[in-house]
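Reader: I would like to go through the terms used for this model and see what each one rests on. Please set every value against its definition.

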Amino acid sequence: MKKYVEILEAITAARAAMVDPEKSEKEFARNAVKIAYKSGTDAELAAAEAAYKAAEEKYAAECKHNEDLKIALEILKDNAANAFFAESIGTICTIWNKYAGKPHGEKTAEKIRKELFAALGVRVYITNKYDDAYITCYDLGRNAPFRQLEFCASRKAGENVPALIDNKVQALTPDCFRLYRCGGYVDDVPAQVAAIRAAHEKAREAEAAFSAAVSAYNSLTRGNIVRASTREGVKSWLI
């Protein structure tokens with residue numbers, strides 16, 4: 001796993017690599033107009049058609065380039081969250097555990113928040129949610145791809161893992177926490193982007209095949225025979 005700061009640099013680089021396809025789109029449109037008027041000699045028309053095709057391909061390539069980068073950014077965002085979690089959860093638990101057994105009054109809570117901010121440079125709040133420990137990190141910095149991150153405790157053998165019992169600080173271990181609403185870390189981002197594109201294409205093909213099958217089936221039905229739907233699927237009964 002790369003370091004959090006390295007992933008932030010990769011995010012910045014991906015954003016900077018975006019291109020503006022507007023110029024290609026305008027060129028694409030201009031060449032289309034030339035062909036529509038069909039003015040000039042056959043050679044001039046052939047040249048206009050070639051220019052149109054080149055502009056069309058360039059525009060499509062730039063749109064795909066940007067889309068790939070947007071997909072990569074979503075993956076990098078989750079990677080950054082995973083890296084921040086891995087690098088910070090130990091520190092959070094260590095500082096919190098210094099106060100284990102003490103009442104979680106305003107002064108203690110403020111001391112904990114200040115120590116966590118000094119150690120991590122972000123605002124961290126620890127409390128219970130549904131009787132389990134819940135950590136929220138705010139203000140992660142101008143370059144962070146998210147406004148906040150949430151870590152939730154996973155119950156052990158069906159037992160709750162609370163941060164507070166009767167408002168007293170309970171010791172916590174890093175291994176009981178997981179990132180909330182975040183995908184797993186991806187080592188090879190370009191390969192993942194390609195895999196997403198391939199899976200998306202297969203899904204579109206399957207969707208088209210299913211739609212054709214539904215139409216073929218519905219064309220044969222009549223009366224009270226149950227019709228199928230691409231939205232609701234095919235019922236298990238016929239009538």
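Reader: How do you know whether the chain is a compact globule, going by its radius of gyration?

Author: This is a predicted model, in which local features need pLDDT of at least 70 and side-chain atom pairs count only at pLDDT 80 or more, while totals for chains, interfaces and linings use all residues. Residues are numbered from 1 along each chain as its sequence is written, and side-chain values use heavy atoms, with hydrogens and water left out. The radius of gyration is taken over C-alpha atoms, and the globule rule is 2.2 Å times the number of residues to the power 0.38. For 239 residues a compact globule would come near 18 Å, but the chain has 28 Å. The C-alpha trace spans about 90 × 55 × 30 Å along its principal axes.

Reader: What makes a run of residues count as a helix or a strand here?

Author: Both are DSSP runs numbered from the N terminus: helices are H or I with at least four residues, strands are E with at least two. On that basis the chain has 5 helices and 6 strands, in the order α-α-α-α-β-β-β-β-β-β-α from the N terminus on.

Reader: How do you know what span is expected of helix H3, and where does H3 bend?

Author: The expected span is 1.5 Å times one less than the number of residues. Helix H3 (residues 42-97) has 56 residues, and its 82 Å from first C-alpha to last is close to the 82 Å expected. The bend is the angle between axes fitted to the seven residues ending at a residue and the seven starting there; at Ser88 the bend of H3 is about 40°.

Reader: Why is Asp131 called exposed and Asn167 partly exposed?

Author: Buried means under 20% relative accessible area, exposed over 50%, and partly exposed in between (1.4 Å probe, protein chains only). Asp131 has 53%, so Asp131 is exposed; Asn167 has 41% and therefore counts as partly exposed. Buried residues make up 32% of the 239 residues in the chain.

Reader: What is the phi of Asp131, and what is that of Asn167?

Author: Most residues other than glycine have a negative phi. Asp131, in the loop between strand S1 (123-129) and strand S2 (132-138), has a positive phi of about 70°. Asn167, in the loop between strand S4 (164-165) and strand S5 (168-169), has a positive phi near 65°.
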